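Have the sequence and the 3D view open as you read.

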Amino acid sequence: MIINSRFFNRSELMGFIALAAVLFVILPLTLDVFRLNLVAKYLTYAFVALGLVLCWGYGGILSLGQGVFFGLGGYCMAMFLKLEASSVENTKIQSTPGIPDFMDWNQITALPLFWQPFHSLTFTILAIILVPGLFALIIGTAMFKRRVGGTYFAIITQAVAAILTILIVGQQGYTGGINGMTDLRTLKGWDIRPDHAKIILYFVEVVLLFACIGIAQFIRLTKLGRILVAMREQEDRVRFSGYSVANFKIFAFCMAAIFAAIGGAMFALNVGFMSPSFVGIVPSIEMVIYTAVGGRMSIFGAVWGAILVNFAKTSLSESFPQLWLFGLGALFIAVVLAFPNGLSGLWADYVQPRIDRLFASRKTKAGWTDNSVADGAPAE
Amino acid sequence: MLIGHQPKDFLLAVSGLTVSFDGFKAVNDLSFYVEENEIRVIIGPNGAGKTTVLDLICGKTKATSGSIQFRGKELTKMKENEIVQTGVGRKFQTPSVFEDLTVFENLEISFPRGRTVFGSLTFQRDQSVKDRVEEVAEMIFLKDKLNTYADELSHGQKQWLEIGMLLIQDPDLLMLDEPVAGMSVSERAKTAELLNRIIKNRSVLVIEHDMKFVEDIAHKVTVLHQGQILSEGTMEKVKNDPKVIEVYLGH
Amino acid sequence: MFGDYSIGDLGSIFVMQGFAGLILFSVYVLMALGLAIIFGQMGVINMAHGEFMILGAYVTWMTSNLFQAYLPSLFSGYFFLAMILAFLASGALGMLVEWGLIRHLYKRPLDTLLATWGLSLMLQQAYRSVFGAREVGVELPQWMLGSLRVTDSIEVPINGVFVMCLTVLITIAVAYVLYMSRWGRQVRAVVQNRIMAGAVGINTEKVDRYTFGLGCGIAGVAGSAFTMIGSTGPTSGQLYIVDTFLVVVFGGAASLLGTIASAFSISQTQSTLEFFMSGSMAKVLTLLAVVGILMLRPQGLFALKVRK
């Protein structure tokens with residue numbers, strides 16, 4: 001597919017192998033199901049972070065509303081699961097059997113029209129991709145065609161996140177309100193709650209994550225990836241090279257939205273519920289920090305950022321809840337002030353050169369020439 | 001006067017062009033015409049509206065009134081990228097190249113193929129692209145710097161790179177805003193040589209202050225003052241125009 | 001939805017809701033003024049602005065407690081001192097933050113947004129550790145309680161009138177400082193051309209520091225006013241930050257008049273809608289309207305056409 005460059009250069013290949021080994025082999029072998037399920041939860045944010053690498057790192061478009069798309073994807077999935085869990089025999093004690101429990105509590109007597117299609121899994125899967133995608137398309141078109149960008153765009157997306165949260169919380173009867181959609185049980189009759197299902201779902205998620213990594217890497221390597229970088233620096237020059245800058249921004253934003261939505265859907269499946277606390281301003285901005293910590297320019301860095309920050313969050317907020325907010329706040333500031341390229345930047349600056357030297361010395365010992373190493377150095 | 005006489009087809013016909021910024025008319029009822037294969041230089045004191053004229057033609061600024069016809073197409077109603085695609089290229093005053101990309105990638109982005117989202121996803125760096133990039137890189141004296149990141153280039157080299165990015169678009173009308181400003185003497189000479197080579201088979205609209213350079217290349221000179229044309233014609237004619245002398249030598 | 005009310009009722013409703021909206025308007029204006037100065041003049045997105053406001057609220061709360069405990073005879077006048085202290089405390093913290101954080105980020109506006117968000121998290125946690133997680137309420141002096149009876153069906157609370165008068169005074173003072181004083185000219189000079197302003201002898205670093213301090217100080221005063229309409233908790237400020245940013249953007253960032261007009265229209269819309277539907281739906285509709293209008297007119301309500 002790619003003509004002139006290999007799909008991964010050497011350091012990227014190492015990153016790929018390392019991540020694959022950790023996610024496919026090491027974690028499943030070493031962690032109990034509960035912990036593995038936690039990792040699955042962290043990884044749902046890695047999808048969002050991956051999208052932000054394209055949109056923010058490459059395209060320079062900071063969206064503070066990724067929770068919106070995460071939420072839309074998650075709610076689409078949760079609606080399907082909730083409907084399946086609300087079969088007539090499961091809900092026969094309700095005054096209206098066959099509708100989700102929260103509707104019954106809110107005196108709703110018939111399934112609302114927009115819930116109807118979520119009886120179908122095919123529709124649900126399409127909706128997970130298309131609803132957030134189209135929503136991003138509308139926002140993106142409205143904003144980017146009018147040359148709204150930068151901080152304005154960030155604020156508007158943040159406002160959208162606020163609006164959606166208030167709407168979900170306010171419309172209890174249709175959305176489950178502040179508690180969200182809980183008690184999700186089966187997917188097409190297959191129980192998603194027992195341990196073996198959680199393990200399978202974990203692997204499904206990791207496979208999907210690698211598929212998304214592949215897509216992101218593909219986009220990065222095409223001319224489109226270079227145009228995103230070019231656009232971030234010299235928007236006018238791109239425009240006066242004959243490109244419609246708005247269309248490229250819309251594309252990046254939509255891709256980020258779709259990645260986030262897949263993450264959201266996997267969240268509903270792995271964690272077993274969905275609530276507005278993953279939609280609003282605070283989770284949206286936390287998703288940005290996962291990306292920033294991992295490295296906004298690095299696809300693998302984003303995944304590590306999501307895992308590590310969430311791991312820190314879980315362990316710190318379990319043992320020192322007070323420290324956590326200080327720590328997170330300090331992390332934001334430190335990343336911005338001291339290492340804007342995040343962990344992957346630190347890796348590239350301090351660890352990678354050592355590894356390279358190690359390889360170089362080993363090859364020399366083995367009687368190889370140093371030239372082969374120099375040639376093998378990534379051109380990009 | 002002859003029966004059946006058709007008005008001459010200009011490449012670029014600007015007529016009655018006006019733009020006002022919050023009441024201030026930066027360009028005021030401006031009309032001028034550029035022929036095929038003509039090199040036109042716009043001169044004028046600071047604030048005369050020279051850069052604004054280029055901004056208006058390439059769509060960076062929207063006109064308040066008036067028309068800009070390029071090969072019979074009305075540019076004032078088009079978007080910037082559409083104007084580029086009809087064959088108008090623009091170089092900015094300060095070099096604007098993509099510093100995080102290599103010289104090769106800079107030129108490749110300007111190559112006129114795969115300009116849509118889908119097109120750029122499926123764009124292949126095939127032999128014709130490589131050949132053309134190398135050809136242009138040779139013209140702009142950067143052949144041995146194809147894999148250098150643009151932020152490592154000198155100021156003059158960045159100017160050349162941007163000119164190269166325009167060349168690879170192969171525009172019919174090339175607009176250059178002070179192409180030799182900030183260059184060393186030797187770079188200037190090389191740039192003049194470069195421009196003399198690339199202005200074949202196309203029309204060029206240049207803003208320049210360096211009078212020696214203007215005399216070397218201009219077919220016709222337009223003198224702007226306060227958004228209006230003060231004088232127009234050959235360099236010789238313009239130089240001897242009392243109005244021009246007054247503006248340039250102070251009041 | 002108007003059917004159940006007589007014309008007279010509706011009139012009273014609009015006046016009373018309108019007045020309730022005016023208190024919201026006051027807090028919006030005070031918050032937005034500070035934000036608009038920092039964003040409009042310096043291009044910095046201060047996500048911690050709500051926390052500066054809350055600092056002002058806590059200072060007011062502490063002052064009132066001190067007066068109650070040690071100077072009960074002067075309690076009726078504590079509020080004026082509290083406002084000044086709130087201004088000074090938030091302003092001083094603002095200058096400290098500008099020195100330690102913001103000045104390193106002037107060329108990276110999106111990064112200031114992230115860094116100040118981090119700052120806001122730390123401040124929230126600091127408030128929680130120092131003042132506790134529970135919300136605190138300020139006791140108002142006797143003369144501020146009660147309400148003015150305008151007609152039989154219309155009553156307006158005195159503290160609301162007070163907050164509004166305060167807002168008007170502060171707005172006039174800010175307008176004076178920015179547009180009339182020598183310092184204001186320096187601020188605007190730095191906005192227009194930082195290098196040139198530096199070259200003609202303006203200490204741009206000092207101007208930046210005081211501008212940021214002033215913006216934060218006004219947020220502190222907003223916090224003082226806020227104590228009258230809501231109780232103060234570590235995260236109370238966060239609830240206002242998006243609204244206030246929308247007020248600033250909707251008004252057209254660099255325009256003081258626009259900020260006031262937009263604060264007025266947003267607060268009035270929300271408050272009027274609140275009478276007819278749930279508070280959350282009123283908020284959704286208001287925010288949707290603002291975002292919708294911004295999509296059609298991204299430059300905001302008041303913006304000049306300038307050469308880019």
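## A buried serine in chain B

Ser231(B) is buried, because its relative accessible area is 4%. Buried means under 20% relative accessible area, exposed means over 50%, and partly exposed lies in between, with a 1.4 Å probe and protein chains only. This is a predicted model, so local features need pLDDT of at least 70 and side-chain atom pairs count only at pLDDT 80 or more, while totals for chains, interfaces and linings use all residues. Residues are numbered from 1 along each chain as its sequence is written, chains are lettered from A and ligands numbered from 1 in the order in which they are written, and side-chain values use heavy atoms, with hydrogens and water left out.

Where does Ser231(B) lie? Strand S10 of chain B, residues 228-233, holds Ser231(B). Helices (H or I, at least four residues) and strands (E, at least two) are DSSP runs, numbered from the N terminus. The Ser231(B) side chain makes a polar contact with the side chain of Asp241(B), at 2.8 Å. A polar contact is a pair of N or O atoms within 3.5 Å; within protein, one must be able to donate a hydrogen and the other to accept it, and residues adjacent in sequence count only if both atoms are side-chain atoms. Leaving out residues up to four places away in sequence, Ser231(B) touches Val221(B), Thr222(B), Val223(B), Val238(B), Asp241(B) and Val244(B). Contact here means heavy atoms within 4.5 Å.

## Two residues in chain A

Thr291(A) sits in helix H12 of chain A, residues 281-294. Thr291(A) counts as buried because its relative accessibility is 0%. The Thr291(A) side chain reaches the backbone oxygen of Met287(A) at 3.0 Å. Not counting residues up to four places away in sequence, Thr291(A) touches Ala49(A), Leu52(A), Val53(A), Trp56(A) and Arg296(A).

Gly225(A) belongs to helix H9 of chain A, residues 223-233. Is Gly225(A) buried or exposed? Gly225(A) is buried, with a relative accessible area of 3%. Its contacts, leaving aside neighbours within four places in sequence, are Tyr58(A), Ile219(A) and Arg220(A). Gly225(A) and Ala252(A) are 27 residues apart along the chain, and their C-alpha atoms are separated by 9.6 Å.

Chain B has 10 helices and 10 strands. Chain C has 11 helices and 2 strands. Along chain C from the N terminus, the order is α-α-α-α-β-β-α-α-α-α-α-α-α.

| Chain | C-alpha box along the principal axes | Buried share |
|---|---|---|
| Chain B | roughly 50 × 45 × 45 Å | 56% of 251 residues |
| Chain C | roughly 65 × 55 × 35 Å | 55% of 308 residues |

Look at contacts between residues at least 6 apart in sequence. In chain B, 66% of these join residues at least 24 apart. In chain C, 75% of these join residues at least 24 apart.
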